[in-house]
Amino acid sequence: MRSLCLLLLAALLPVSPIMAQAPTDDAALPLIIAHRGASAERPEHTLEAYQLAIDQGADYIEPDFVLTRDGVFVARHEHEISGTTDIADHPEFADRHTTKTYNGEAVTGWFTEDFTLAELRTLRAREPLAELRPASAAYDGQFAIATLEEILALVQRQDRPVGLMPELKHPSYFRSIGMPMEEAFIEQLAAAGYASADDPIFIQAFEIAPLVQLNALTDIRLVQLVGDAGGPSDAPDTTYADMVSPAGLAEIAAYADILGPPKNRVIARTEDGALGEPTSLVADAHAAGLLVVPWTFRPENHFLPTNFRVGNDPRADGRPSEEMIAFFRAGVDGIFTDDPEEGIYARYLLERPGLMRELAREAQENGEN
């Protein structure tokens, strides 16, 4: 994590969270999107994680949304919440432990759609990567589950513009149990003033049909997420590999504005785990009229390419800014990161190659890997 003085330097490079620039606009700087908040430092998807990300300079925050039994949007990465809350410590909810099948997989645990908001309010968030992030895990038990309403209010009371990049989780599953997400989500956003392509918000999904539906319902811009392998759960005959082909990208551009690929589809790793050479994906997506925002950049050695690690402790921070800069140079329009402070720092260095060379020299002199 970077010091306050570096953040102040980074603040000299303001970026509009509206991101209205075209992919070919050379003046556009890459966006820093706080993936689940400052989730390398606080339990994810909490108001405290989002606020820290904003304080660190993130252009957008990225909340994931699922539904409660009484139809309230709450921020969780998954609707199964045993890994991100203390629900297992609540004996009053033991009888709701169950197994459900969705996306072709049986999952056992506790699910948000089986609880009212009032019941979920009795839970507290936990760090899901506690072994890798003990500093974040130190905040376990302190923070509540946040609602869409609270997150909208958080963003709108800041003293600078902050964008939102919400993801709808498993919308086809929720529709199958009589809880469609799309219409209600758009209605709540519109009530908060988000309805235009000029508003600082994008809506994401891995599925295709919900985005096509959203494209018909709203002018808000949309993000088609794709994975490393397999394909979208609502299109069993379609693979993510098909979707990132030039023909597939042209189809996405008919209803979405951004492609959100895993970062390995932008720059693959070599056999020894180092960062390799860029693929053609960014150029292909830009040619189709799509922005490209890959996921997810994390600071710990465990997640970094081997050539950006420092030492052998998987929990220790490596040199994530260097990985981010490599992707900036590959032409991406933004990044999803668990460490927005590091992203702001990387963007600052991107504009200052002389400083980058000096820092690299100092790292060599200090014996860093």
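I began on the outward side of helix α7, where E187 and A191 are exposed. The model is a predicted one.

**Helix α7.** I then looked up the opposite group. Helix α7 covers residues 182-191, and its buried residues are E182, F185, I186 and L189. I viewed the helix down its axis: these buried residues fall within an arc of 95°, so they line one face of α7. Just after α7, I noted that G193 takes a positive phi of about 100°.

**L214.** L214 sits in helix α8, residues 209-217. Is L214 buried or exposed? L214 counts as buried, at 1% relative accessibility. I listed its contacts, leaving aside neighbours within four places in sequence: L168, E182, I186, I203 and L222. Two of these, E182 and I186, are among the buried residues of α7.

**Chain totals.** I looked up the overall figures for the chain. The chain has 14 helices and 15 strands. Of its 369 residues, 53% are buried. I also checked how far contacts reach along the sequence. Taking contacts between residues at least 6 apart in sequence, 67% join residues at least 24 apart.

**Nonpolar cores.** The largest nonpolar core has 85 residues. Which residues have the most contacts inside this core? I found I61, L189, I203, L259 and F328. One of these, L189, is also on the list of buried residues of α7, and I203 is in contact with L214. Helix α13, residues 340-350, gives the core its largest share, six residues. F328 touches P30, I32, I335, A346, R347 and L350. There is also a second, separate core of eleven residues, and I33, Y60, F202 and F336 are among them.

**E323.** E323 is buried, with a relative accessible area of 1%. What does E323 touch, not counting residues up to four places away in sequence? I noted K263, R269, F297, L304, P305 and F308.

**Largest pocket.** I turned to the open space. The largest pocket holds about 840 Å³ of space. Its lining has 39 residues, and those closest to the centre of the pocket are H77, E78, K169, F206 and W295. Which elements give two or more residues to this lining? They are β6 (105-109) and β8 (167-168). Sorted by type, the lining residues of the pocket come to 13 nonpolar, twelve polar and 14 charged.

**Cavity.** How many cavities of 30 Å³ or more does the structure hold? I found one. The volume of the largest cavity is about 40 Å³. I wrote down its lining: H35, R36, S39, E44, E127, P128, L129, R133, R298 and D338. By type, the lining of the largest cavity divides into two nonpolar, two polar and six charged residues.

Technical notes
Residues numbered from 1 in each chain as written. Predicted model: local features only at pLDDT ≥ 70, side-chain atom pairs only at ≥ 80, totals over all residues. Heavy atoms only, no water. 1 Å grid on protein atoms, 1.4 Å probe; cavity = no way out; pocket = protein on both sides within 12 Å on 5 of 7 lines; lining within 4 Å. Points joined across faces, edges and corners; volume = space filled by probe spheres on them. Nonpolar A, V, L, I, M, F, W, Y, C, P; charged D, E, K, R; others polar. Buried < 20%, exposed > 50% of the residue type's maximum accessible area, 1.4 Å probe, protein only. Helix = DSSP H or I, 4+ residues; strand = E, 2+ residues; numbered from the N terminus. Arc of directions from axis to C-beta. Core = buried A, V, L, I, M, F, W, Y, C linked by side-chain atoms within 4.5 Å. Contact = heavy atoms within 4.5 Å.
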